[in-house]
Amino acid sequence: LCFAWRAMVDSSRQEKAYLARVAEQAGRFDDMVEAVKNFDLEVDLSAEERNLFAVAFKCAISPKRNAWRTVLELEEKEHQQGPIERLAMLRDVRATLEKEWEDICRLALKLVDRHMANACTTDESRVYFGKLRGDYYRYLSEFTIGPSRKDAAQQALTSYKLASDTAMTHLHPAHPLRLGLALNFAVFYFEILGAGDRACRIAKQAFDDAMSDVGQLGEQPFQESTALLQLLRDN
C-alpha cells in the first residue's frame, strides 16, 4: 500500500478515496493517513472524503493515546516501588509516544487549517472541520504541560465555540454532526478544563434541543443521532 498511495498523488478523487478505504479495511492506518494527505484540500471535500480524513487520523492517534495511558500507569507504579532504572526507561518510552502523538496532531491541524482557509464553503463543512480542529488541540492538551497545554486548550476552546455557534445557527438540533460536536465539547470542558457543571449543561442543552425535533430526520441520520443522544444522556 505504501507504494500505491505514492503512485496516486495525481490520481482522481475517486481513486484516492478508494485507496484510503482499502487502507482502512486492511488496518493500515499510517497508509490511510498518507492517502488522505493527497486529497485535494483546495476544494470542499465530499461527505465520504471528510469521513475518511477523520477516520484516518483518529485510528492513527488512538493507539498512541492508549499506549501513553498504559505507560503512565506503569510509571506511577514504578515511582512508588520500582527501581530508578525502570522509571527512567518508562519515561523515555512515554517521551517517544508523546513525540509521535504530537506529530500526528500537528499534521492533522496543518491539513485542517489549510482546508478551512481555502475550501470550506458550506456550514456543515465549517462545523465538521472546526470540530476536528477542536478535537486535535484537545488531544494535545491531554499530555502537554505548562504554556503548551494552556495554548492548546485555548485553541481547542476557540475552535469548539466557533463550530458550536455555526452549528446552533445553521444545523438541525438533532443533526448528528451538531450532537457529536456537543458531546466532544462537553468532554473538553470536563477532562481538560475540569468544569464538570459546564460540561453537563452543554450535554443537557444539546439533548433537550434534539429530543424536540429528532423525529424530523431521515432514517440514517436518525439512527446516528439516537446513538449520540444516548451518549449525551449517559455523560
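This is a predicted model: local features need pLDDT of at least 70, side-chain atom pairs count only at pLDDT 80 or more; totals for chains, interfaces and linings use all residues.

Modeller: Residues are numbered from 1 along each chain as its sequence is written, and side-chain values use heavy atoms, with hydrogens and water left out.

Colleague: What makes up the secondary structure of the protein chain?
Modeller: There are 10 helices and zero strands. Both kinds of element are DSSP runs numbered from the N terminus: helices are H or I with at least four residues, strands are E with at least two.

Colleague: How do you know that the span of helix α6 is close to the expected one?
Modeller: Helix α6 (residues 123-143) has 21 residues and reaches 31 Å from first C-alpha to last, against 30 Å expected. The expected span is 1.5 Å times one less than the number of residues.

Colleague: Why is α6 called mostly covered?
Modeller: Of its 21 residues, 18 are buried. Buried means under 20% relative accessible area, exposed over 50%, and partly exposed in between, with a 1.4 Å probe and protein chains only. Across the protein chain of 235 residues, 45% are buried.

Colleague: Why is the aromatic pair of Y160 and F188 called tilted?
Modeller: Rings of Phe, Tyr and Trp (its six-membered ring) pair if their centres lie within 6.5 Å; planes under 30 degrees apart are stacked, over 60 edge-to-face, and the rest tilted. Y160 and F188 are 5.6 Å centre to centre with 55° between the planes, so they pair, and the pair is tilted. By this rule the count comes to 12 aromatic pairs.

Colleague: What does the pair of Y160 and F188 tie together?
Modeller: Y160 lies in helix α7 (residues 146-170) and F188 in helix α8 (residues 176-192), so the pair ties together parts 28 residues apart in sequence. Y160 is buried at 0%, and F188 is buried at 0% too.

Colleague: How do you know that R50 lies over the face of Y128?
Modeller: A charge sits over a ring if NZ of Lys or CZ of Arg is within 6 Å of the ring centre and within 35 degrees of the ring normal. R50 lies over the face of Y128 at 5.2 Å from the ring centre. Y128 also belongs to an aromatic cluster with F53, F57, F129, Y136 and Y139.

Colleague: What lines the second largest pocket?
Modeller: It has 17 lining residues, and the closest to its centre are S164, M168, F185, I202 and Q205. A pocket is an open set of points on a 1 Å grid over the protein atoms alone, with protein on both sides within 12 Å along at least five of seven lines; lining residues have an atom within 4 Å of a point. Helix α8 gives the most to this lining, with six residues.

Key
On a 1 Å grid over the protein atoms alone, a cavity is a set of points where a 1.4 Å probe fits but cannot get out, and a pocket is an open set with protein on both sides within 12 Å along at least five of seven lines; lining residues have an atom within 4 Å of a point.
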